[in-house]
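Subject: Structure handover

Hello,

Here is the structure I promised to pass on. Please open it alongside this message, as the notes refer to it throughout.

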Amino acid sequence: MDASVWLFLALGLALLALGGELLVRGSSSLARRFGVSPLVIGLTVVAFGTSAPELVVSALATLEGKPELAVGNVVGSNVFNVLFILGLCALLRPLVVARQIVRREVPWMIAASLALWFFGLDGRLGLGEGLLSCGALAWFTLDSIRASRREQAVSTPAAGPARTAHPLAAVGQVALGLGLLVLGARWLVDSAIAIATGLGLDETVIALTIVAAGTSLPEVATSLVATLRGERDIAVGNVIGSNLFNILGIAGLTALVAGGDLPVAPAIENFDVPVMVAVAVACLPILGRKHLLARWEGAVFLAYYAAYTAYLVLDAQGHAALPRFGAVMLEFVLPLTVLTFGVLIVRARRPERGEGGTG
């Protein structure tokens with residue numbers, strides 16, 4: 001195997017780390033400069049920027065005559081964002097979640113997920129559905145900015161402006177960070193595919209794992225850097241905002257590019273989209289409990305993503321272990337999940353006994 005493949009793999013990882021650092025720094029500075037909360041910056045600028053690889057992949061797939069890949073890319077990225085990225089970040093540090101996310105953004109994510117499920121029932125996304133999705137995204141973005149500025153004006157005392165970097169410098173950091181993230185993700189994905197192919201792995205498995213997760217690498221890098229720097233609003237907002245942009249923006253725009261005839265594969269509509277909806281719904285009771293994603297809950301998220309990926313790989317290969325694996329998930333994991341959510345909902349309804357720890 002060519003040594004340059006390993007070099008580009010290392011360079012891709014380095015660019016992701018550097019790009020994530022610059023993006024978080026610039027975004028935080030812009031939030032302070034313009035009186036917008038870091039959460040809203042995470043939900044909009046950071047989230048939309050880190051979703052650039054998904055947008056490029058979906059648009060190119062449609063233009064190259066493979067529009068069915070676009071919806072799969074959106075759905076797979078959304079499942080990855082919640083289960084893997086939030087799970088990994090919470091495992092590093094418990095994520096304290098802003099109340100606004102539980103009351104406003106998570107319901108938006110659930111509604112958008114359900115809408116995509118409903119839109120795809122006829123096997124396609126039409127022109128009207130694409131326009132409706134894009135319009136909903138524009139409304140969500142403007143409303144988030146207006147609401148944040150109102151809250152900032154009420155909660156911030158009348159004092160001199162905080163010392164921040166010049167706006168042009170902050171914008172430059174954001175732009176450079178996004179560019180490095182996209183380039184780093186591309187080098188890392190291409191190198192990983194070359195390595196996996198050289199090792200004799202099946203192309204279907206590569207597509208379901210490396211490529212699907214690869215387009216979400218900017219979100220991974222940004223959320224991890226934000227978590228380690230203490231900018232947890234940006235870390236969580238990035239994930240929720242990216243999921244909203246993926247559904248409303250990328251699926252909506254791709255439907256328009258496809259001329260109002262974007263196919264939704266039956267396998268995706270009948271399995272992967274319901275998984276995406278279930279993941280979105282699961283965020284509500286978990287994040288609603290003391291507005292915290294604890295380490296053990298992050299571990300559960302990661303375990304579920306591993307199980308989801310294992311199912312996809314077994315299904316793609318037609319593996320003999322698939323029926324047994326499915327039975328275990330159905331007879332053991334699913335009831336345990338329902339029981340866990342029930343306990344969380346009951347706990348969330350109980351009155352608080354003081355502030356407590358961060359778990």
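This is a predicted model: local features need pLDDT of at least 70, side-chain atom pairs count only at pLDDT 80 or more; totals for chains, interfaces and linings use all residues.

Overall

The protein chain is built from 13 helices and 4 strands. It has 359 residues, and 47% of them count as buried. Among contacts with a separation of 6 or more, 86% are between residues 24 or more positions apart. The accessible surface of the chain is about 16,800 Å², and carbon and sulfur atoms account for 68% of that area.

Cores

The largest nonpolar core contains 57 residues. Within this core, the residues with the most contacts are V82, L86, L125, I240, L244 and L293. Elements that supply two or more residues to it are α2 (38-50), α4 (68-92), α5 (99-119), α6 (127-155), α10 (232-257), α11 (266-288) and α12 (295-317). The biggest contribution is from α4, which provides 12 residues.

Leaving aside residues up to four places away in sequence, V82 touches G87, M109, V239, N243, V279, C283 and F301.

Helix α10

Of the 26 residues in α10, 21 are buried, so the helix is mostly covered. How does its length compare with what is expected? At 1.5 Å a residue, α10 should span 38 Å, and its end C-alpha atoms lie 35 Å apart, which agrees. The helix has a kink of about 35°, centred on N246. After α10 comes G259, which has a positive phi, near 75°.

Helix α5 and E105

α5 is made of 21 residues; from its first C-alpha to its last it reaches 30 Å, close to the 30 Å expected at 1.5 Å a residue. At E105 the helix bends by about 35°, and the proline P107 follows within four residues.

Setting aside residues up to four places away in sequence, E105 touches L43, Q100, F140, S144, I240 and L244. Two of these, I240 and L244, are also named among the residues with the most contacts inside the largest nonpolar core.

Two further residues

A10 sits in helix α1 (residues 3-33). Its relative accessibility is 45%, which lies between the 20% and 50% limits, so A10 is classed as partly exposed. A10 and S191 are 181 residues apart along the chain, while their C-alpha atoms are separated by 9.2 Å.

L228 belongs to helix α9 (residues 217-228). L228 and L92 are 136 residues apart in sequence, and the C-alpha to C-alpha distance between them is 8.0 Å. Not counting residues up to four places away in sequence, L228 touches L92 and R93.

Regards

Note on methods. Residues are numbered from 1 along each chain as its sequence is written. Side-chain values use heavy atoms; hydrogens and water are left out. A nonpolar core is a set of buried Ala, Val, Leu, Ile, Met, Phe, Trp, Tyr and Cys residues joined through side-chain atoms within 4.5 Å. Buried means under 20% relative accessible area, exposed over 50%, partly exposed in between (1.4 Å probe, protein chains only). Contact means heavy atoms within 4.5 Å. The expected span of a helix is 1.5 Å times one less than its number of residues. The bend at a residue is the angle between axes fitted to the seven residues ending there and the seven starting there. Accessible areas come from the Shrake-Rupley method with a 1.4 Å probe; for residues, only the protein chains shown count as cover.
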